Amino acid sequence: MKTYSYLYDSLCTRESIEFAYKKARKDKASKQSVMEFDASLKENLEQLHKELNEMIYEPKPLKRLVVRDPKTRTIHASYFRDRIVHHLVVNTLEPIFEKIFIYDSCASRKNKGAHLAISRLEQFMRKISQNGRAVRGEGRSKNNVQGYILKADIRKYFDNVNHKVLINIIKRKVKDGKIIWLIRKILNNFNTPVTGQGMPLGNYTSQFFANVYLNELDYFVKHELKAKYYIRYVDDFVILHRSKKRLEYFKKRITEFLKGIKLELHPDKSNIIPLRNGLTFLGYKVFYHHKLLIKRNIHSMMRKIRFYKEGSISFEEIYESFQGWEAYAKWSNSYKLRNKVKRQIVEILWNKI
């Protein structure tokens, strides 16, 4: 296995810090924390360069935010100077680990994302069902198409990431104690009930480390279990197979494997589903021959339209929400629905004029 040493010195150069600063600042120049940093840009970058080179860098405490859209989540936001450091770490490690990530790990990676995951799921569904030709009983019916899907979720994944396990995974590729020191600084900056456990939702490094950690599961599923049709998006994953018994065996083996990396499957969200029932995944209800938006996604958009009419949100907010929603909805079979929502947005626009 190829390993990498002497990475920290290149991470700490002024050129690397400036590049990380530009990436962290992208599309966020109008935010208060960025403007405050920019007010003394040269001095702030130089101070960060000094702290990193002398290994006296200390991240500031995270800011806690509660987001409801519609699910309640706790997000921990880092100060802008610390986000620059996060980009430095990911810029350094990503080229190393990207080479060993499997193709169907779809979250938080260049040229991947939710739409690729859905596209791959549709491909796998068609292969398992032989484009709908593999059916039960006599005759061809979309309602009788054969095949099963193990849809699973890691229980409280970000809360349960074990720092020691993560560091040991990284150490197999990275033989640089200074980089490990900096990673520990970032991980330990998150106060959790259990020392040495958990990563904050909202940190750029958390997204990357989430893939590094579960790459262990990816390799187990692909190389040990020999599962051909497997997709993972953060802590949600699916495996498709013609045999339900085979998926039951996979689930049992995965449950045992996860214990070794201090994780477990969510007992209520890890089930084997007949392919003919379709699968709810990443905001869509996916069947082998078509896909629909899930009801929660539709209700969310309709709720925002109602909020606008009640005066709770601005026109700019409702229009921005609609643009994002439509960009997502157009990937589904939702022509009539999109036109219905679009008519309401046009009506709002005319009333504003």
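Are Asp218 and Arg232 buried or exposed in this predicted model? Asp218 is buried, and Arg232 is as well; here buried means under 20% relative accessible area, exposed over 50%, and partly exposed in between (1.4 Å probe, protein chains only).

Some ground rules. Residues are numbered from 1 along each chain as its sequence is written, and side-chain values use heavy atoms, with hydrogens and water left out. Because this is a predicted model, local features need pLDDT of at least 70 and side-chain atom pairs count only at pLDDT 80 or more, while totals for chains, interfaces and linings use all residues.

**Salt bridges**

Side chains of opposite charge can pair when their charged atoms come close. With a salt bridge taken as a side-chain nitrogen of Lys or Arg within 4 Å of a carboxyl oxygen of Asp or Glu, the count comes to 15. Here are some of them, with the distance between N and O:

| Glu54 | Lys50 | 3.3 Å |

Asp218 belongs to helix α10 (residues 204-224) and Arg232 to strand β4 (residues 229-233), so the pair ties together parts that are 14 residues apart in sequence. Helices (H or I, at least four residues) and strands (E, at least two) are DSSP runs, numbered from the N terminus.

Glu98 is partly exposed at 27% relative accessible area, whereas Arg109 is buried at 11%.

In the Lys50 and Glu54 bridge, Lys50 is partly exposed at 38% relative accessibility and Glu54 is partly exposed at 46%. There's also a network of salt bridges that links Glu51, Arg81 and Asp82.

**Thr92 in helix α5**

Helix α5 (residues 80-98) also holds Thr92. Why does Thr92 count as buried? Thr92 counts as buried because its relative accessibility is 15%. A polar atom of the Thr92 side chain lies 2.8 Å from the backbone oxygen of Leu88. Leaving aside residues up to four places away in sequence, Thr92 touches Leu7, Leu11 and Ile179, where contact means heavy atoms within 4.5 Å.

**Rings**

Rings of Phe, Tyr and Trp (its six-membered ring) pair if their centres lie within 6.5 Å; planes under 30 degrees apart count as stacked, over 60 as edge-to-face and the rest as tilted. That rule gives 17 aromatic pairs. Phe208 and Phe209 make a tilted one, at 5.9 Å centre to centre with 50 degrees between the planes. Phe208 is buried at 6% relative accessibility, and Phe209 is buried with a relative accessible area of 1%. Together with Phe97 and Phe101, Phe208 and Phe209 form one aromatic cluster.

A charge sits over a ring if NZ of Lys or CZ of Arg is within 6 Å of the ring centre and within 35 degrees of the ring normal. The charged end of Lys112 sits over the ring of Tyr103, 3.4 Å from its centre, and that of Lys60 sits over the ring of Tyr79, 5.1 Å from its centre.

**Cysteines**

How many disulfides does the structure hold? Zero disulfides turn up, a disulfide being a pair of cysteine sulfur atoms within 2.5 Å. Cys12 is buried at 1% relative accessible area, and Cys106 counts as buried at 0% relative accessibility.

Key:
A polar contact is a pair of N or O atoms within 3.5 Å; within protein, one must be able to donate a hydrogen and the other to accept it, and residues adjacent in sequence count only if both atoms are side-chain atoms.
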